[in-house]
Amino acid sequence: MLTIEILRNFIQSSNINFLYGSGISRPYLSTLGNIEKWLTKLAEDDSKDSYKEVIKASLYKAYCDGVILKNQYYPSLDNDFLETKSAYADFFSISNELMNKRNAQLLNKQINLFTTNIDLLTEETLAKSGIELNDGFRGTIRPVYNESNFQISLSKSSLQFHKQAEVPMFNLIKVHGAVNWKEQDGAINSDTMLMYYVQKALDNIHKDYFVELYKADGTEKTYDEVKTEADDIALILPDNAYDKFFDAYNQIVMINPTKDKFRTSVLDYHFYELMRIYSNALERENSLLFVMGFSFADEHIAQITKRASDTNPTLQVVIFAYSDKDEDTYKKNLGIEHGCSNNNILILTPTIFKESNNEKFGDLCSKISNFDLKTINLIFKEISKNIHSGYGTK
């Protein structure tokens with residue numbers, strides 16, 4: 001039984017971390033679908049046939065169209081964007097309120113946000129909110145990224161009484177890089193023009209040189225169907241048709257959506273450091289990790305999380321499963337089909353939450369059918385309303 005009261009007590013006394021993935025940025029941004037699976041299959045294909053080049057370009061174009069290029073300009077009248085941004089804004093507002101209200105004086109007021117997302121929705125949401133965000137960059141004209149910046153805390157002084165108080169701050173730790181990350185002179189700089197160069201390169205390639213990944217009815221094509229169409233395109237494809245596109249794409253410092261991403265990137269200094277920060281955060285005493293919109297299909301992150309849960313009995317992991325059927329997927333990906341050593345990984349499905357809380361919070365439970373960011377926010381809002389109340393866990 002994982003009740004609102006228990007969640008409230010976790011938050012009241014823990015070092016708070018969030019881990020979230022692409023499911024949180026829906027409906028505005030796409031999830032990967034079969035792109036990762038197809039790219040992995042393509043990498044395992046020993047054929048020298050030119051259809052492989054067509055499929056690869058088509059898959060990366062789909063990734064750009066569905067995720068990367070949607071961060072160039074945010075459409076103020078797009079309903080999907082407005083819905084997603086509203087959920088983000090509520091999340092940060094509620095979390096900021098929680099950090100201000102909880103009475104654990106010995107804990108800092110920082111929240112670590114670990115994400116595999118490469119988008120800029122968090123930065124866009126908090127740009128004018130007054131909420132403090134630390135994205136790891138420092139500098140005004142040419143911001144430079146450094147992991148040591150996440151050790152910074154922020155305090156503000158009272159002009160009248162000259163007393164200092166720590167201000168809630170969100171550390172945004174993008175473990176897979178981001179669409180604005182560019183390597184320059186051995187450092188990572190912020191450059192949003194990278195997306196423009198990708199868009200320009202794509203615009204100069206005729207649309208007939210790409211395979212459509214979806215049928216007219218919106219269903220995904222099979223890999224074999226894509227391969228057949230790519231064979232036909234390869235017959236008319238000009239030499240070096242995609243070179244400028246991949247030249248522009250490869251300027252972005254990020255881990256690609258392929259199964260072997262960590263075999264090629266984990267030794268890179270920055271990615272290694274970010275995963276070390278994640279591991280260290282979970283190894284701290286009384287750490288709390290909320291997982292949202294992330295399935296742990298990423299084996300490296302799954303292994304670190306499982307190891308931390310085994311070695312740190314004071315760590316509590318709470319996973320918001322989007323639907324009831326996702327519970328088995330989480331157990332498989334984390335290797336906890338038969339439980340975990342310290343019983344400290346809790347998978348919270350919509351049904352489990354309702355069964356635990358319907359008697360006392362029936363109105364809240366009636367609003368939850370799946371766990372997306374909007375419905376997760378409802379739970380944190382309820383906790384925030386009662387975080388100083390006198391009721392406790394029985």
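The model is a predicted one.

With that numbering, take the loop between β1, residues 15–20, and α2, residues 35–44; Pro27 is found there. The peptide bond joining Arg26 and Pro27 is cis, with omega at about 5°.

Now the sheet. Strands of a sheet pair through backbone hydrogen bonds, either parallel or antiparallel. Which order do the seven strands of the open sheet take here? The order is β3-β8-β2-β1-β12-β13-β14, and the pairing is parallel. The edges are β3, residues 132–134, and β14, residues 345–348; each has a single partner strand, so one side of each has no neighbour in the sheet. From one strand to the next, the twist averages 20°.

Strand β13, residues 316–320, runs parallel to β12, and five bridges join them. Val291 has Ile319 in β13 as its bridge partner. Packed on the sheet is helix α4, residues 79–101, which touches β1, β2, β8 and β12. The direction of α4 makes about 150° with that of β2.

Asn286 lies in the loop between α10, residues 269–283, and β12, residues 287–292. Phe296 is found in the loop between β12 and α11, residues 299–311. Neither is a glycine, and each has a positive phi: near 55° for Asn286, and near 65° for Phe296. Are these two buried or exposed? Asn286 has 34% relative accessibility, so this residue counts as partly exposed. Phe296, with a relative accessible area of 1%, is buried, because the cut-off for buried is under 20%.

Next, an antiparallel pair. Strand β9, residues 177–184, pairs with strand β10, residues 187–190, over four bridges. Trp181 stands opposite Ser190 in β10. The hairpin of β9 and β10 has two residues between the strands, and Asp185 takes a positive phi near 55° in this hairpin.

That leaves two helix pairs. Two packed helices are described by the angle between their axes and the distance between the axes.

How do α3 and α6 pack, and at what angle? Helix α3, residues 51–68, and helix α6, residues 193–203, pack at about 135°, with their axes 12 Å apart. The crossing of α3 past α6 is left-handed. From α3, the contact is made by Lys61, Cys64, Asp65 and Ile68; from α6, by Met195, Val198 and Leu202. Sorted by class, that contact has five nonpolar residues, two charged and no polar.

The other pair is helix α1, residues 4–12, with helix α15, residues 373–386. Their angle is about 75° and their axes are 10 Å apart, which makes α1 roughly perpendicular to α15. Ile4, Leu7, Arg8 and Ile11 in α1 meet Ile379, Phe380, Glu382, Ile383 and Asn386 in α15. The classes in this contact are six nonpolar, one polar and two charged residues.

Conventions. Residues are numbered from 1 along each chain as its sequence is written. This is a predicted model: local features need pLDDT of at least 70, side-chain atom pairs count only at pLDDT 80 or more; totals for chains, interfaces and linings use all residues. Side-chain values use heavy atoms; hydrogens and water are left out. Buried means under 20% relative accessible area, exposed over 50%, partly exposed in between (1.4 Å probe, protein chains only). Two strands pair if DSSP finds at least two bridges between them. Axes are lines fitted to C-alpha atoms, for helices over the stretch in contact, and angles run from 0 to 180 degrees between N-to-C directions. A crossing is left-handed if the near helix is turned anticlockwise from the far one by less than a right angle, and right-handed if clockwise. Contact means heavy atoms within 4.5 Å. Ala, Val, Leu, Ile, Met, Phe, Trp, Tyr, Cys and Pro count as nonpolar, Asp, Glu, Lys and Arg as charged, and the others, Gly among them, as polar. Angles under 35 degrees count as roughly parallel, over 145 as roughly antiparallel, 65 to 115 as roughly perpendicular and the rest as oblique.
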